[in-house]
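Subject: Structure handover

Hello,

Here is the structure you were expecting, with the sequence alongside. My notes on what was found follow below.

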Amino acid sequence: MDFNVMIGVVAPFLGTVLGSAMVFLLKKDFPEIVEKALLGFAGGVMMAASVFSLLLPSIEQADNDGNIGWMIASLGFLGGIGFLLLLDVVIPHVHVNSDEEEGIKTSWTKTTKLFLAMTLHNIPEGMALGIVFASIVDQSVAMSTGAAFALALGIAIQNIPEGAVLSMPLHQAGMSRFKAFLYGSASGIVEPIGAIITIFASHLIRPLLPWLLAFAAGAMVYCVVEELIPSSQHGKHSNIGTILFALGFVCMMILDSTLG
């Protein structure tokens with residue numbers, strides 16, 4: 001695998017590790033206003049990445065292949081939404097700052113379910129990374145190298161707050177700082193693993209690329225609407241989440257435009 005591609009694949013995981021390391025730097029509870037700001041920013045980045053780095057290239061590639069671009073992008077997008085909805089219903093998990101359990105009922109600890117919730121939301125990011133970089137390896141015209149790295153950088157940026165909002169609550173619940181850091185970091189390991197598997201299968205997925213790009217976009221948007229936006233708007237300081245959502249969206253849009 002090309003070294004530059006490997007950097008792009010690993011970068012988002014390093015963002016999760018960096019965010020999880022916040023547990024060593026903050027001695028008090030994670031400030032609510034900062035948490036909402038980070039969640040809002042992450043949501044904006046993911047939403048923009050879904051549109052500019054996934055949906056638009058999906059339509060373009062489908063049109064270039066002689067198909068109806070908007071139709072393939074629409075069906076793929078809805079498929080991604082449905083896939084994450086199914087996982088959300090089946091996998092036992094609990095969201096940050098919530099005691100309400102979702103998914104199949106089990107006797108697993110809240111720590112395990114919190115870890116699964118964050119891992120669940122990292123799945124679409126790993127899918128997106130793999131699909132985009134697979135198109136680069138396969139020399140597809142649907143995605144430029146700059147746009148692929150913009151997506152990787154955008155996901156890395158939004159993974160920093162995600163790692164922090166997982167490791168900090170785990171430590172506050174009684175887990176040691178080092179163990180909380182390991183849990184927070186491990187939640188992001190599905191991204192490079194999924195991406196690498198997809199890249200090695202690039203020759204197989206080439207005909208399905210427009211579908212898969214839209215599918216990954218739908219999965220990412222589901223995570224934004226299901227978790228990031230509600231968490232950033234709950235309780236006080238909701239305006240901060242809204243403002244940072246807008247800034248995150250603009251930052252990702254600029255990255256995609258300048259690097260793409």
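Counting disulfides, taken as pairs of cysteine sulfur atoms within 2.5 Å, gives zero. This is a predicted model, in which local features need pLDDT of at least 70 and side-chain atom pairs count only at pLDDT 80 or more, while totals for chains, interfaces and linings use all residues. Residues are numbered from 1 along each chain as its sequence is written, and side-chain values use heavy atoms, with hydrogens and water left out.

On accessibility, buried means under 20% relative accessible area, exposed means over 50%, and partly exposed is in between (1.4 Å probe, protein chains only). Cysteine 223 counts as buried because its relative accessibility is 1%. Cysteine 251, at 36% relative accessibility, counts as partly exposed.

Helix packing

Helices (H or I, at least four residues) and strands (E, at least two) are DSSP runs, numbered from the N terminus. Two packed helices are described by the angle between their axes and the distance between the axes. Axes are lines fitted to C-alpha atoms, for helices over the stretch in contact, and angles run from 0 to 180 degrees between N-to-C directions. Angles under 35 degrees count as roughly parallel, over 145 as roughly antiparallel, 65 to 115 as roughly perpendicular and the rest as oblique. A crossing is left-handed if the near helix is turned anticlockwise from the far one by less than a right angle, and right-handed if clockwise.

H3 (residues 32-64) and H6 (residues 145-172) have axes that come within 9 Å and cross at roughly 155 degrees. H3 is therefore roughly antiparallel to H6. The crossing of H3 past H6 is left-handed. Contact means heavy atoms within 4.5 Å; on the H3 side it involves residues including Phe41, Val45 and Met46, and on the H6 side residues including Ile155, Gln158 and Pro161. The residues of this contact divide into 14 nonpolar, three polar and two charged. For these classes, Ala, Val, Leu, Ile, Met, Phe, Trp, Tyr, Cys and Pro count as nonpolar, Asp, Glu, Lys and Arg as charged, and the others, Gly among them, as polar.

H3 also packs with H11 (residues 238-259), at an angle of about 35 degrees and with the axes 6 Å apart. This crossing of H3 and H11 is right-handed. Its contact residues comprise 16 nonpolar, seven polar and two charged.

For H6 and H11, the angle is about 155 degrees and the axes are 8 Å apart, so the two helices are roughly antiparallel to each other. Their crossing is right-handed. Among the residues that meet are Ala150, Leu153 and Gly154 in H6, and Met252, Leu255 and Asp256 in H11. The contact of H6 with H11 has eight nonpolar, two polar and one charged.

Single residues

Phenylalanine 77 sits in H4 (residues 69-90). Leaving out residues up to four places away in sequence, phenylalanine 77 touches Leu55, Ala214, Phe215, Ala217, Gly218 and Val221.

Serine 176 is in the loop between H6 and H7 (177-186). Its relative accessible area is 41%, so serine 176 is partly exposed. The C-alpha atoms of serine 176 and valine 23 are separated by 9.5 Å, with the two residues 153 apart along the chain.

Isoleucine 136 belongs to H5 (residues 110-137) and counts as buried at 17% relative accessibility.

Regards
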